[in-house]
Amino acid sequence: MGLAVLLGMVSASVAAPLFGRPETYEVDGAPVGIGSLQLDGEQGLDIATANGTGADGPSISLLLNRGDGGFLPEIRDSVSGYSLQSIATADFNEDGLGDIAVAADVIESLPARGVVLVFLNQGGLEFAQPLEYRLPGLFPRCLEAGDVTGDDIIDLVACHSTAIGGMSLGVVTVLAGTESGGNPSGNFRIEFTTLAGTEPSSVALGRVDGDAEVDIVIGDPVDDTITVLYGTGDGFAGPAPVGEVQTAASVAVVPIESQLANVAGVSRNRGRLVVFEQESPRQFEMLEEYQVFLPTSIVAADFDGDDRTDIVVASNIGADLWRGIDEGRFEHAETIYTAQVGTRLEVDITTGDFNADQRIDIATSSAEDDRVTVVLNGSSLPATPTVTPTASNTPTITDTPTRTNTPTRTHTATPTSSIPTPTHTPIVTTTPLGPGDANCDGRIDSADIDGLVLRMFGPGCPAADVNGDGVVNAADMVGLIQLLEMGS
């Protein structure tokens, strides 16, 4: 189990770079996640990003494929009333058009809650008002789409948090896709939920232990662990350990031909790509570590067509291809691109065939410089046109744009104020009942939610510090909601 320090080295076995020249595209502010999907049924996959702090608040950006692997300027969908955290894309109702799901926190109504929003594609680049599915907890950090229940219908897997007795606990929830009239409906129901770690932030789906069931691999950067929920056919067992990875920022299932799958993860703080070998079903041992720089996201696929799984690592400074070699090991094959400006934070990655040549391409999003970077596999992207697309090939929407050259549509939650407005005036006294009596009125009730919100933005009752860590923030809101639930 040696350490392969290979950063910046190109394997002698690779004669030429696999990936072409990158192209970048502007999107709305601070994209927190990226996905590929078929928006309009035309050649080449399109791209969607969920944006945390756009020009007019949280939003979804759509990049429409020109048909050659290049993309038109963004179309922007405003999503008011939510704090967006992650995105997943798939054809949820199998109508041939890609749909979008976003994990989010509701920020404009009380009590606060974590939700999954599902936007069904109605055609013509129009999406229905989102369907909201409440999660049994708060702060959803990841969302993945795939059939994990074995019924050939796309499901959603979210990781988020809850609080019990003032302690933060991780939660993984499966939202099962439902059917109507024998066909996928695009609707979901909570099928399964379980505690898992402290603050899970990434999941990967795949058949890990060699049986027919899809498993859920979980990365937890607070617990420094990778674990697995093993599919049982009627639910999931676990979480069972894979291994320790300090600040596990992202995970992947790594299929090995004629063998049990391996599992990979990246350590954000240590700068490592870590591969665990599954020597027998559900028994893992660390196989190898590889040095990388500030990794944020990984994805596993056969990028070079040699029937071995490769890994692309996205980081603060760009993206690198790690080529699969014998016995589940990897070697650094090439630097796919290097960031051109600034420090790139919260980089997410997706794959797709963007130019319809049967090769797997990549796209990454950067929250720091509000851009999407697309790199084709085996060729370079066509240069972005310098002229404005004509009306015949420019997607249009029926709503009035709110900003020049950036069409904007709005999905609005109620109420619409940016900061919740208290309905009770906190009564500040010197003798709060105890932690959770956030308005110091001698009771712990729903009025304390307003008091805690006020305390986040200014002076107020000291008992709003529910967990006693000296600051009043979202963690205290979780604790207060838990107190209220226990008292109801």
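Colleague: Which residue forms a disulfide with C142?

Modeller: A quick word first: this is a predicted model, where local features need pLDDT of at least 70, side-chain atom pairs count only at pLDDT 80 or more, and totals for chains, interfaces and linings use all residues. Residues are numbered from 1 along each chain as its sequence is written, and side-chain values use heavy atoms, with hydrogens and water left out. A disulfide here is a pair of cysteine sulfur atoms within 2.5 Å. The sulfur atom of C142 lies 1.8 Å from that of its disulfide partner, C159.

Colleague: Which strands hold C142 and C159?

Modeller: Strands are DSSP runs of E with at least two residues, helices are runs of H or I with at least four, and both are numbered from the N terminus. The two cysteines are 17 residues apart in sequence, so their bond ties together separate parts: C142 sits in strand 13 (residues 138-146) and C159 in strand 14 (residues 155-164).

Colleague: Is C159 buried or exposed?

Modeller: Buried means under 20% relative accessible area, exposed over 50%, and partly exposed in between (1.4 Å probe, protein chains only). C159 has a relative accessible area of 0%, so C159 is buried.

Colleague: What is the handedness of the disulfide of C440 and C461?

Modeller: The sulfur atoms of C440 and C461 are 1.8 Å apart, and the two form a disulfide. The torsion about their S-S bond is about 80 degrees, so this disulfide is right-handed.

Colleague: How many residues apart in sequence are C440 and C461?

Modeller: C440 lies in the loop between strand 32 (408-412) and helix 1 (447-457). C461 lies in the loop between helix 1 and helix 2 (474-487), so the pair ties together parts whose separation in sequence is 21 residues.

Colleague: How many salt bridges does a search of the whole structure find?

Modeller: Nice one to ask next! A salt bridge is a side-chain nitrogen of Lys or Arg within 4 Å of a carboxyl oxygen of Asp or Glu. One of them joins D68 and R66 (3.5 Å, N to O). The search of the whole structure gives a total of 18.

Colleague: Which residue is linked with E74 and R76 in a network of salt bridges?

Modeller: R76 and E74 form a salt bridge, with their closest N and O atoms 2.4 Å apart. Both of these residues are buried. The network of salt bridges that links E74 and R76 also includes D28.
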